[in-house]
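Hi everyone, thanks for coming. Let me put the structure up, and then I'll walk you through it.

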Amino acid sequence: MKQFRVALAAILTTAAVMQAPLATAASDYPNHPIEMVVPSSAGGGTDVMARLFAEVSKKYITQPIVVSNKPGASGGIGMTEVQRAAPDGYKVGVLISELAIIPHLAMTKVTTNDFIPLARLNGDPGLIAVRADSPFQSIDDLLAQAKKTPGSVTMGNAGSGTIWHLAAAAVEEKTGVKFNHVPYQGAAPSVMALAGGHVDAIAVSPAEIGSFVAAGKLRVLISMADRRLPAPYDKVPTFKEKGTDLVIGTWRGLGVPLNTPPEVVTYLREATRKTAQDPAFSEALLKANLQPAYMDGEQFKTFMNSQSDYFKKLLSGLTIQK
């Protein structure tokens, strides 16, 4: 019995020693820069949102946020890196709508349940855009060509399994047409491909094409929003106006790995809330054609899980080319 008590004491002492560094690290958090992983390429809406957040958060976080881009696998590479990171609060992930999609396509094992959400920051509807000199003057023209000659219309997207790939596939399902899907490593490369004449159209969000629309280089044919958007997209019809019940959009928020210490989560959630509510952040989002759509951590968790259920059901009725 004495030997057992000695052994137990040794085990407890060892455990306490092992836990001490984590407790100490959490108590003085943050004491060095925080990495924010953007699971897409530089220049797109997700990247823009992250960098705006990093800039405004300097008022509320005592260490700088360093943004790093980790594109690939429709966001799966970057989000998986965060999910596998040490749960110490020094690697924060930008969680995007694809997190609710790609697990159902067997593209990744990471799911909406693999993070502690901090907050949702943004939400945007899908658009279909063409070049300004495109022969397709309306969505009806584009769909007519795609129906007449299946596969003749090349439709770019931000990557296989992304929200915009799924949005275009949903258009096919709802209208009976067939596109030739062309994936890129993020929304920004898909926009450049359209501007360069490499594809006929793209599915995309307002943020990624705002400057191109303003410059008269691209033209928007249709919106996947519930209702018409504000200028400069106020003259763009919605699919619902056309009699097609199709509403799809993207969302972006922040999360950290499971088992991150509660005091670190509380610190980050509070700093995120203050940053999101700062007029400097919301005004910068709107200027970049990104719609503020704040949800706190628990609301965001419920929302992400409901989105996962929604896309799982939607995908069961679609044929997706990976």
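I'll go through the sheet, then the core, then one serine, then the pocket.

Quick housekeeping: this is a predicted model, so local features need pLDDT of at least 70 and side-chain atom pairs count only at pLDDT 80 or more, while totals for chains, interfaces and linings use all residues. Residues are numbered from 1 along each chain as its sequence is written, and side-chain values use heavy atoms, with hydrogens and water left out.

Okay, the sheet. It's open, with 6 strands in the order S2-S1-S3-S10-S4-S11 and mixed pairing. Helices (H or I, at least four residues) and strands (E, at least two) are DSSP runs, numbered from the N terminus, and two strands pair if DSSP finds at least two bridges between them. At the edges sit S2 and S11 (292-296), each pairing on one side only. Inside the sheet, S4 (residues 115-125) runs antiparallel to S10 (residues 249-257), with 9 bridges. One example: Ala119 has Leu254 in S10 as its bridge partner.

Now the core. A nonpolar core is a set of buried Ala, Val, Leu, Ile, Met, Phe, Trp, Tyr and Cys residues joined through side-chain atoms within 4.5 Å; buried means under 20% relative accessible area, exposed over 50%, partly exposed in between (1.4 Å probe, protein chains only). The largest one has 77 residues, and Ile128, Leu142 and Phe179 touch the most other members. Helix H5 (residues 163-175) is the top contributor, giving 7 residues. There's also a second, separate core of 17 residues, including Leu127 and Tyr233.

Next, where is Ser74? It's in the loop between strand S2 (65-69) and helix H3 (76-83). Ser74 counts as buried because its relative accessibility is 10%. Leaving out residues up to four places away in sequence, Ser74 touches, among others, Ile96, Glu98, Gly159 and Thr162; contact here means heavy atoms within 4.5 Å.

Last stop, the largest pocket, with about 390 Å³ of space. On a 1 Å grid over the protein atoms alone, a pocket is an open set of points where a 1.4 Å probe fits, with protein on both sides within 12 Å along at least five of seven lines, and lining residues have an atom within 4 Å of a point. Of the 23 lining residues, Gly123, Asp124, Pro125, Gly249 and Thr250 are the closest to its centre. S4, S10, S11 and helix H10 (297-315) each supply at least two residues of that lining.

Key. Grid points are joined across faces, edges and corners, and a volume is the space filled by probe spheres set on the points.
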